[in-house]
Amino acid sequence: MKSLSHHLIIKLSHHQINMLDKNQIAKRIAQELQDGFYVNLGIGIPTLVANYIPQGVNVVLQSENGLLGIGPFPQEEDIDADLINAGKQTITTVAGSAFFDSAMSFGMIRAGKVDLTILGAMEVADNGDIANWKIPGKMVKGMGGAMDLVASAKNIIVAMQHVNKAGESKLLAQCSLPITGLKCVKKVVTELGVFDITPQGFKCIEYAPGVSLDYIKEKTLGRLVIADDVREMVVG
Amino acid sequence: MINKVVKDAQVAIADIQSGMTVGLGGFGLCGIPENCITALVKKGVNNLTCVSNNAGVDDFGIGLMLQQKQLKKMIASYVGENAEFERQLLSGELEVDLIPQGTLATRLLAAGYGMPAIFTPAGVGTEVAQGKETRLFNNKEYLLEYAFELDFAIVKAWKGDTQGNLVFRKTSRNFNPLVAMAGKITIAEVEELVPAGDIDPDHIHLPGIYVHRIFEGKDYEKRIEQRTVAKQ
């Protein structure tokens with residue numbers, strides 16, 4: 001009982017703060033998209049980014065199972081079993097789409113042709129290490145394309161919750177879970193703020209509306225510095 | 001004219017023996033060789049080492065072979081969505097080698113291109129790198145990964161001709177041409193089999209030199225894992 005009530009208190013105190021929801025995190029990340037970008041979106045919050053691409057910004061979404069130019073989900077009558085994304089969801093194509101095999105798909109990723117990769121994580125370290133594929137003894141699903149993406153992507157933004165279900169920080173000095181890739185993450189966006197990975201560790205450049213810097217410090221275990229020009233996040 | 005046509009899946013897989021290494025095309029349940037999987041289950045070969053990006057779901061795809069305990073080892077990049085797989089893995093009945101998806105694809109490609117190995121940065125600094133040779137190129141570390149050798153490759157294409165030339169459809173292409181290229185013997189099942197000459201040579205995705213047996217499959221279920229529609 002003691003641990004349960006402890007857990008509840010942590011949860012409650014975390015929820016009293018005005019935090020961003022998943023769609024707002026996605027919306028903030030969408031501001032990073034630039035016209036002409038080729039972008040790979042991971043499963044989870046990153047997929048939602050597609051809903052908030054700013055007007056006038058043209059990007060091509062890559063699906064690592066072999067498609068450039070992911071379109072919206074289909075109408076019921078347009079569902080095609082041969083047309084899915086990397087999350088195995090039925091999708092559509094857009095004008096200018098192209099299909100290719102899995103070797104070419106990872107070839108373009110490895111060659112740095114994809115401008116931006118947005119993915120989820122279980123843990124990120126203050127030097128840019130990421131862990132997002134395995135929980136020893138619990139989850140044995142495999143890494144899929146995550147290790148290829150993080151090893152080669154020019155620019156990686158991680159979208160994730162700042163703390164886990166137990167209220168513990170996921171922004172750490174060192175990853176405790178098996179590593180997916182080393183020193184590769186450039187930016188982390190959580191429900192609490194936006195953090196650049198710098199030689200000094202996580203650099204808070206924006207905080208979510210209503211979230212104090214003290215609260216962010218409390219919930220960040222890795223090295224944290226606050227940018228001189230830190231500002232409130234604009235999520236629209 | 002070379003004719004590679006066989007009657008059906010049962011004939012195509014007749015000489016696959018227990019203990020062999022077999023590669024299967026597909027991503028999730030998209031573009032999997034349904035007819036040959038059914039025939040392998042019926043034939044009952046076991047102790048197979050299976051190379052495939054995924055392991056199907058509990059009651060479809062490679063999951064059907066797992067149910068019959070036909071696999072000794074699974075080499076894949078992602079095996080979620082399959083409770084029986086997880087059970088066999090945790091109980092030690094099944095060996096598994098999880099490797100990054102791009103590494104898997106490119107090791108198959110290398111086999112088909114006659115290259116014994118590749119260098120890739122995927123997995124550097126992770127448990128995937130354990131025991132592997134590494135090398136620095138332009139100050140970046142790469143892992144040496146070997147090409148696959150498959151006793152049999154089994155793939156699914158949309159269209160094929162009697163000489164084994166293949167055309168894939170949309171994202172069901174995925175691993176199919178790569179698995180096909182890596183097989184010592186490659187079997188292709190297609191939705192539509194046409195006479196050689198019917199497909200424009202410019203439209204062929206995989207030339208028939210990589211395919212040894214071809215047949216027109218039947219009763220494709222093409223099951224969808226995540227049926228997702230636009231919000232009204």
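**Rings and charges**

Mentor: Phe119(B) is partly exposed, at 32% relative accessibility (buried is under 20% relative accessible area, exposed over 50%, partly exposed in between, with a 1.4 Å probe and protein chains only). The model is predicted, so local features need pLDDT of at least 70 and side-chain atom pairs pLDDT 80 or more, while totals for chains, interfaces and linings use all residues. Residues are numbered from 1 along each chain as its sequence is written, chains are lettered from A and ligands numbered from 1 in the order in which they are written, and side-chain values use heavy atoms, without hydrogens and water.

Over all chains there are two aromatic pairs (rings of Phe, Tyr and Trp, with its six-membered ring, whose centres lie within 6.5 Å; planes under 30 degrees apart are stacked, over 60 edge-to-face, the rest tilted). Phe119(B) pairs edge-to-face with Phe137(B), at 5.1 Å between centres and 70 degrees between planes. Phe119(B) belongs to strand β5 and Phe137(B) to strand β6, so the pair ties together parts 18 residues apart in sequence (strands, E, are DSSP runs of at least two residues and helices, H or I, of at least four, numbered from the N terminus). Phe137(B) is also partly exposed, at 29%. Its ring is 5.5 Å from that of Tyr142(B), centre to centre, with planes at 80 degrees, so this pair is edge-to-face as well.

Lys88(A) lies over Phe27(B), 5.3 Å from the ring centre, and Lys156(B) over Tyr220(B), at 4.7 Å.

The whole structure holds 23 salt bridges (a side-chain nitrogen of Lys or Arg within 4 Å of a carboxyl oxygen of Asp or Glu). One of them is between Arg169(B) and Asp80(A), with the closest N and O atoms 2.6 Å apart. Both residues lie in loops, Arg169(B) in chain B and Asp80(A) in chain A, so the pair joins two chains. Arg169(B) is partly exposed at 22%, whereas Asp80(A) is buried at 12%.

Another salt bridge, at 2.9 Å, is formed by Asp15(B) and Arg213(B). Asp15(B) lies in the loop between α1 and β1 and Arg213(B) in strand β11, so parts 198 residues apart in sequence are tied together. Asp15(B) is partly exposed at 32%; Arg213(B) is buried at 17%. Salt bridges with shared partners build one network, whose members include Asp80(A), Arg169(B) and Lys156(B).

Terms used. Lys NZ or Arg CZ within 6 Å of the ring centre and 35° of its normal.
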